[in-house]
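Subject: Structure for your files

Dear colleague,

Please find the structure below. My notes follow it.

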Amino acid sequence: MIMQESKFRYGKSVKIVNWGCSFDSLTELKFAISIIEEYAFLRERVSIYYHPGTKQSTNYIRQCHRRYTPDFLIRHKETGKAFLIEIKPRAFEHSPQLILRKQVAENYIRWKNYDWKYKVVFDDEIILTAEQLEQFEDCCKLKSKSAFKLWFEEYNRRFDRSAPSFFKHGVSNAQIAFVMFGTEKRN
């Protein structure tokens, strides 16, 4: 008997715009909730242009080049370790596209001499604490954009009640510098 490899098909995703960025799915939001206390993150900040034949990155974009944009760039607030993250369902694990993305990302990191590591995080590896899970489930029940906005603002208050909303506006230059290069550590 010959077994045919089945392809993963995405279902309809829920786009969530808040926290100064947008999430293409609830899985990406779940990941952000799981890391936010220990990691600073940038969402879809790094776009990698590469030649499809060589898989090498380029600054000179031509019609033949392709673009890959990983889901997150994260940096640990205490240790400073940084990771370029791709979020995928477990069913995507052996996809040729995922192998290509890994190769392209690792070539880019080497080319730019960044201190990042590339990592694929599968949906079943995202673990929430009981409190985070309760918050995430509450968020999943919301239906309107205004309800999402209120939920995000309330969730933000958990991190700093005295500061203006951390997630309400775009990311600051200091936060970008910390996550990208490890400089100017964010509290």
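In which helix is K102 found? K102 is in helix α2; helices (H or I, at least four residues) and strands (E, at least two) are DSSP runs, numbered from the N terminus.

On provenance: this is a predicted model, in which local features need pLDDT of at least 70 and side-chain atom pairs count only at pLDDT 80 or more, while totals for chains, interfaces and linings use all residues. Residues are numbered from 1 along each chain as its sequence is written, and side-chain values use heavy atoms, with hydrogens and water left out.

K102 counts as partly exposed, at 39% relative accessibility. Here buried means under 20% relative accessible area, exposed over 50%, and partly exposed in between (1.4 Å probe, protein chains only).

K88 lies in strand β7 and is buried, with a relative accessible area of 7%. Its side chain makes a polar contact with the side chain of E86 (3.4 Å). A polar contact is a pair of N or O atoms within 3.5 Å; within protein, one must be able to donate a hydrogen and the other to accept it, and residues adjacent in sequence count only if both atoms are side-chain atoms.

Now the cores. A nonpolar core is a set of buried Ala, Val, Leu, Ile, Met, Phe, Trp, Tyr and Cys residues joined through side-chain atoms within 4.5 Å. The largest one has 24 residues, and V46, I48, L73, L84, W116 and M180 have the most contacts inside it. At least two residues each come from β3 (39–43), β4 (48–50), β7 (82–88), α2 (96–112), β8 (116–122) and α5 (173–181). The most, five residues, come from α2. A second, separate core of 23 residues includes A32, Y39, I85 and F152.

In α5, the buried residues are Q175, I176, A177, F178, V179 and M180; they pack against β3, β6 (72–76) and β8. Leaving aside neighbours within four places in sequence, M180 is in contact (heavy atoms within 4.5 Å) with L42, V46, L73, R75, Y114 and W116. Just after α5, G182 takes a positive phi of about 80 degrees.

Finally, the cysteines. The whole structure has zero disulfides, a disulfide being a pair of cysteine sulfur atoms within 2.5 Å. For C140, the nearest cysteine sulfur is that of C139, 5.8 Å away. C140 is partly exposed at 30% relative accessibility, and C64 is partly exposed at 41%.

Regards
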